[in-house]
Every structure is written in C-alpha cells, then in structure tokens.
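Subject: Structure handover

Hello,

Please find the structure below. My notes on it follow.

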Amino acid sequence: MSHRLNPQDEPVLDVDDIQGNILLGFNKDHQRLIGVSFHEMPSAKAWLRRILPHISSTREVFHFNTLFRLARSRRGGGEAVGLIASWFNIAFSRDGIAKLTSAAQADDLPDTAFVNGLGKDRSIALGDFAPLPADDPTSNWVVGGTGRAPDVLLIIASDSPAQLDELTRVVIPNEAVDSPGAPSIVWQELGETRPDLPGHEHFGFKDGVSQPGVYGLISKRPRVFLTPRFLKPSAAGEVNFAKPGQPLILPGNFVLGYPSNNRNDGTPVDPPPLRQPWFRNGSFLVFRRLNQNVAGFHQFLAAQAAILAQRPEFSGLRPERLGAQLVGRWPSGAPISRVPDRDDPALARAPLANNDFFFGKDTPAPDLLPGVTPPAVFPAALEGANGPVCPHAAHILKVNPRDLASDVGPDFDTLTRRILRRGIPFGQPLKPGSLVDDGAERGLHFLCYQSSIEQQFEFLQQRWMNSAGGPASGGHDIIVGQRPDLHREAEIRAIHPGDRLSEKITAPTQWVTPTGGGYFFAPSISALSTVLAADSPVSALTASRKKRRPAARPTPGG
C-alpha cells in the first residue's frame, strides 16, 4: 500500500489563514521573542484587534521566499541585496486562551501537554535537572515555568535590525494606545544568527539542515506546491520525498484540521473532529530557552579525544571528529554518513546532497525530475555495506532515524514524530577556539510546531533523546538529551576498526540546560479575529461556524 498522494489529491492549504512561521518558517537573521501577560480582557482584546493586520500569513511568507530564491538564482547564488521583509506571529498559552474565551474552550484543545502547560511535572518528565528530586526544575527559569507562563508569546523577525525594532514598537502593548489595563511585557529577548558563522548554533555546528517537507498546495490553478519537488515519486509502499532526505509528510502532522499519516503504513488518516471549529488551521508551539555551555562542551571533546587517541583504533582522533560523531554531522553540516573522516563544506552547501543518506542501507543515486540539475559527485552513503557509519547515539539519528525501524515501529512511524523547527541562537558567540568560559549567557531559542506536543516533541525528548535504547540501541543523545541525574553515555565508532568497532564514552555533565519555555497554541488568523479578539466569544464562535458552513443550494424554481 502506498502512502503517497496523487498531486491532484493534495489538499489546498488555507495559506491566508495559517500563520506564516508554522509551515514555512520566517528564516530571518534577527528575531525577538516577547512574553506578554493579560490584565483586563477588554483592553487585551482591543490590543489584539489593533495588531491583527500585522500578523504574517503563510501566503505572504511563501511569495517572499519564492521571490528571494529567484533573486538569488539570477545573481548566481549570491545574496539578494536589498530584498528584506519583516514578519510577526503570535501564540497563546492555555491560560491565555482561557482568559479570552473560557476554561472549557481552552481545555477542548486536543493536547494534554498543552492544557497542563510546561511546569514542574512536564519539566521533570522531560528529564530537566533539579538539585533535589523534589525540586521544581523550572523554579529558576527566566521565562515561563510552574504557574508563570506568559499568556502570549510574540515572534517578531526581520532581515533588518532597524525594521525589527520598528515592527516591535508597532505590535507591543502600549497603554497610551491600547488604554489603561493593557497587557504588559513580562520578558523579551533578541535572537540572532551568528555573525561569524551564519546558520550555526553556539557549539559551532550548522543547524536546521534537515527539515521535513509538507504535502499541500498553495493553489490548484496554477498548481503550486508548498514544498518544491525535485524528485520523481517513490515506488508504492515507500516514503515519498520532495528532495533527497526531505520526506513529504501530510499537513495534519503539523496543523489541525488536515489529514495526517498512519503510523504503520503512512496512508492518509482523516483529521479527528475538533471540539471547536476555530481550532482548525492552528498549531501547537513548543518554546525552550536552552543555555549552552560552549567552553565546557569543547573541553570535553578535547579531553576525551586525547584519551581515545592513545588507543590504536582511535589513533589520530581529533576533537572535531569526535564532535561530528556525537552530532552526526561535521560543523559545516556535511553528514558523516557520506564523509566519515573529514569535513566537506562543498557537500554541506549542496542542497540536493547534504541530506541524501539513509541509516539502514546504502543510499541510491537520486531519481531527479526532468530539468533538475544533478548535484556534484560526492562520496556515497554506504551505511548498509560499511555501516553503521553514523553512531546510533548521534543527535541527528536520535531525532530522525530515517529508514531505520525504531523501537516503536516502522519508518512510517518516524514521519509522525517529525517537528518543524524554527530555532535561533541568542547571546554573543564565545571567542573562537577558546576553552575558557567567559561567564556570558548564550544558547538557543528552540521553537517547534506540531499537531501533538505529546506524540512529537515530548516523544522525541523522552523516548529517544533521553534514552539509551531508542530509537535504536547505542546510548543517549549526549548533545541535547536531558536526564535528572546528568548521566549520559554514547557509543562512538572507531576510526581504525580492527578488532574493536566502537567505544562507550560518558558525559560528566550536561552542556545544554533549559532556562525557560512554555507550551503555546498558534491559532489561525480567522480565529484571532472572530474568537480570541472578539468582544463576545460565544457570538464570535457562532459567527465562525456560520462562516465555514457552505451556502445552501437554491431549490428548483426558487
């Protein structure tokens, strides 16, 4: 049985109603996150009505991204100088929605994790560290935590720092404009791509290389796909890909109200009924503010590589290669499945090659659509013949086992676990090459969208990253895995196998520490106007239902 959709059957997405950061991502160099709390509801709703026209839709982001790609292509791959945009999206905590509507409506949202919120219990379940077992890991968070989640999270992004500041001034609550009792800002922080290593996180590795593709059309006539297609359709019964390494996943895995994938064979599953019609076109947002101990991580790599290099099977091991084994990619983003012994920046820059690898079999040459220019020739990924090349504890395998059957099901099951990541670094980079902590705070604003926090983000963190046995045995995710006892270990591959194929290493501490976060719901733009910002939620709900009811057909002779 095939899970593939025929192109004529792909759903037309409500791109004017779905917020723009969900399915496509803002992909801007400058991004500000702002936590807001409500006080008086009439003032809160008035503020929401004022900022509603500034909320960016999927259609806007899609067309700008298309224009940006065309401009870069015309310039031979160079920067599209002068082509800039600024975007704004919004998401609400459970309590924020309850204040604007009712507790019953907020609790109708189909995700227990969202309804409960990211407080002590969920944080402990995620493996977050607390000094004592009875302590609350969120007690020292700078934003969010038990009973302290902001009602609203604003996401403002731009290509220009000046325009980011200008849009921020426009959309933040302002008592002079929004009347007394207006919402107040409880936290804000700037995230920016690294000026020295654009697209890299603070440990020095390229981030966001692998993102799933999403089935769906921007329009039927002309037929425009949300995710561009470069490959011919896969054979029946196999996962379908938009480009090498980018599986196509049904939109219901990320946005409420659309078909999703069956976990056993990938076939389309109709969306479950929603208790409130205005939930459609919304998505659940996870935010985690993650501090990174960059100096400590690189000290560990240097010390561990020096110890291992004394053994014949690891002679010549460098800290950079050890880090690549723990991540699954070299700092440039080149996958070790294709280049296990050296970094290859050219491979990392090749969008049809840098994600083209499987973990359980040798990767065949891509079957490109007519007119698609083949990538340059790079070493093949031979995980079947020579593998495993990538350790099973590597971060990229832990969160996406690709073709491997996992501890819970076949490779189709992995499709249902994927998330849409929208993170960006915060804080200034550590001085390059330094192994001494300068005391400054730096890390990642981790953001991801999904239709089920429990079955996607929480599953990935609890079942796979924090576990030594999932999705395949081989150790913990030493990079991002969280454990309350801080104990994590991983098997790494010998670089001169001989009689010993792998070695187990133990992390002495944790280099990624949660310092804030929350669970939010990013509603549709129509839900904001007809329900959340409306003066009367009950009448607005009725209006929303009427808006989506098809018009009655005229009777004969009528």
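How many bridges join strand 5 to strand 9? Two bridges do, and the two strands run parallel. Strand 9 covers residues 246–249, and in it Leu 248 is the bridge partner of Gly 213. Strands pair if DSSP finds at least two bridges between them. Strands themselves are DSSP runs (E, at least two residues), as helices are (H or I, at least four residues), and they are numbered from the N terminus.

This is a predicted model, where local features need pLDDT of at least 70 and side-chain atom pairs count only at pLDDT 80 or more, while totals for chains, interfaces and linings use all residues. Residues are numbered from 1 along each chain as its sequence is written, and side-chain values use heavy atoms, with hydrogens and water left out.

The whole chain
The protein chain has 18 helices and 18 strands. Its radius of gyration, taken over C-alpha atoms, is 24 Å. This agrees with the value near 24 Å for a compact globule of 558 residues, by the rule of 2.2 Å times the number of residues to the power 0.38. Along the principal axes, the C-alpha atoms fill a box of roughly 85 × 55 × 45 Å. Of the 558 residues, 55% are buried (under 20% relative accessible area, with a 1.4 Å probe and protein chains only).

The cores
A nonpolar core is a set of buried Ala, Val, Leu, Ile, Met, Phe, Trp, Tyr and Cys residues joined through side-chain atoms within 4.5 Å. The largest one has 80 residues, and among those that touch the most other members are Trp 47, Ile 90 and Tyr 519. Helix 10 (residues 294–308) gives the largest share of this core, seven residues. Another core, of 41 residues, lies apart from it and includes Phe 62 and Tyr 449. Leaving aside neighbours within four places in sequence, Trp 47 is in contact (heavy atoms within 4.5 Å) with residues including Val 36, Ile 90, Asp 178 and Pro 183.

The cysteines
The structure holds zero disulfides (pairs of cysteine sulfur atoms within 2.5 Å). Cys 390 counts as buried at 1% relative accessibility, and Cys 448 is buried at 0%.

Regards

Key
Buried means under 20% relative accessible area, exposed over 50%, partly exposed in between (1.4 Å probe, protein chains only).
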